[in-house]
Amino acid sequence: MKVKLYATVDPGLEHVVLEELAEIAPLERAVVAPGRLYFTAPLELLPKIITWSRTVNKLYLVLSEEEASNLEDIYRAVKNTPIEQYLEPNQSFAVRASRLGEHSFTSIDIARVAGQAVIDRFLSLGLPRPPVNLDNPDVEIACELRYSHLIVSLNLTRESLHKRGYRIYNHVAALKTTIAAAMLRLARFRPEHVLLDPMCGGGTIVTEAGLIRKNIPPVLYGRYLELRLRKITSLRSLWEAIAEEVDRAKERVLGKISSEKKSICMDISPKHLEGAILNARSAGVDDTVRFVVGDAKRIDQYVGDVPDVVVTNPPYGHRMHRHRLDELYYHFLTSLSKLGRGIVAVFITSAVDVAERVLENTDVELLKRIYVLHGTLPSYIYVVRT
Ligand SMILES: C[S@@+](CC[C@H](N)C(=O)[O-])C[C@H]1O[C@@H](n2cnc3c(N)ncnc32)[C@H](O)[C@@H]1O
């Protein structure tokens, strides 16, 4: 059976996510919207998408779609949605509502009316009244009103998949894991590549690369795995079909299958580097990384191997003066060029003025520039070649 789904993604990276998803499952009717991907895929591949996507934030199963212009329409639409297929009578639920456009009511009103419609549907079918639990529901129903288009869906991932569960050292300016994974895709990173992150902070980029090298699904860690999909009883058998695959990946984490240290994680701060070691170890991929205290302004003096790809997240300048940032970006790119020509480097920054000035004054080739939101911070991802 084919089902309609939508994924929330980091704005700006929709096409990168689409490319990844199309490698995991055959997608049909994909539509790209800001921060969103709508598509149709085989139902039985849902766990595979949730397990293996490194770039999706949340995934939703669309239950119904209708035009709705007032609260009565919304009540009717939700009451006609067969939610009992996914919510057992003794399970708790919550409605999360959102809206886009001008309406005479709030999203709290939508949640209230939709919640009542769910309860009324159960009662009218002769089923026990399902309990509401707003803090920790078994099943989360999303009601989204985009202008007059209502989408009722089931949150399949609960918390955002970017919360991997391996991060134990929180760098003050940590990069979102899903963006790190998308940047690795933009760099065309392959498991056999030598990767350099010369300003690695807490090591998010090399840790994500380590997961790819060891073929470890990013949902593996901590309590997050337990939350995914299992609560939705009618989909549990789908999850069990992939559980064995996930268990085998667990062995790869615990059982340190030999892998060469092909990622270089460099930072000027020993403290951050200690944190990066903790994070990579917690993810079971520290055996794929060489950690180096060093200065990104003189990469050629610290790094012997010529990297195949460079992916990095330099400081944005909240704590640094503009001219110091210019200097850092300039020497990062020129010392990288000294290592070799033809190296692809991908970096993300919100210091766009600095990046643009420096790119004008160096002979690295600008291949692509992508506007993205890093959380709420407007940034650009630059893809360049030395
Ligand atoms: C935005 S943070 C990187 C965060 C990292 N991507 C993460 O997810 O944790 C930038 C890092 O660059 C480092 N840095 C600043 N100047 C540097 C230099 N000259 N050489 C190497 N690292 C530097 C800082 O210590 C900081 O950890």
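## Before you start

Residues are numbered from 1 along each chain as its sequence is written. Because the model is predicted, local features need pLDDT of at least 70 and side-chain atom pairs count only at pLDDT 80 or more, while totals for chains, interfaces and linings use all residues.

## Two domains

Let's begin with the overall layout. The protein chain splits into domain 1 (2–155) and domain 2 (177–214 + 254–385), with bounds that come from an automatic or database domain assignment. Their C-alpha centres are 36 Å apart. Each side brings 11 residues to the contact, where two residues touch if their C-beta atoms, placed from the backbone, lie within 7 Å.

On the side of domain 1 that touches domain 2, there are four nonpolar, three polar and four charged residues. Here Ala, Val, Leu, Ile, Met, Phe, Trp, Tyr, Cys and Pro count as nonpolar, Asp, Glu, Lys and Arg as charged, and the others, Gly among them, as polar.

Next comes an open, mixed sheet whose seven strands follow the order 10-9-8-11-12-14-13. Helices (H or I, at least four residues) and strands (E, at least two) are DSSP runs numbered from the N terminus, and two strands pair if DSSP finds at least two bridges between them. Strand 10 (289–293) and strand 13 (365–374) are at the edges with a single partner strand each, so one side of each has no neighbour in the sheet. On average, neighbouring strands are turned by 15 degrees against each other, direction ignored.

For a closer look, strand 8 (residues 195–197) and strand 9 (residues 263–267) run parallel and are joined by three bridges. Leu-196 has Ile-264 as its bridge partner in strand 9.

## Helix 5 on the sheet

Helix 5 (residues 177–186) packs on this sheet, touching strand 11 (309–312), strand 12 (344–349), strand 13 and strand 14 (377–385). Its direction makes about 150 degrees with that of strand 12; axes are lines fitted to C-alpha atoms, for helices over the stretch in contact, and angles run from 0 to 180 degrees between N-to-C directions.

Nine of the 10 residues of helix 5 are buried, including Ile-179, Met-183 and Leu-186. Buried means 20 or more other C-beta atoms within 10 Å of the residue's own, all placed from the backbone. The buried residues of helix 5 also pack against helix 1 (14–24) and helix 6 (204–213). After helix 5 comes Arg-188, with a positive phi near 60 degrees.

## Around the ligand

Finally, 22 residues surround the ligand, the closest being His-171, Met-199, Gly-201, Gly-202 and Thr-204; a residue is near if its C-beta atom, placed from the backbone, lies within 6 Å. This shell holds 12 nonpolar, seven polar and three charged residues.

Methods:
Buried ≥ 20, exposed ≤ 12 C-beta atoms within 10 Å, placed from the backbone.
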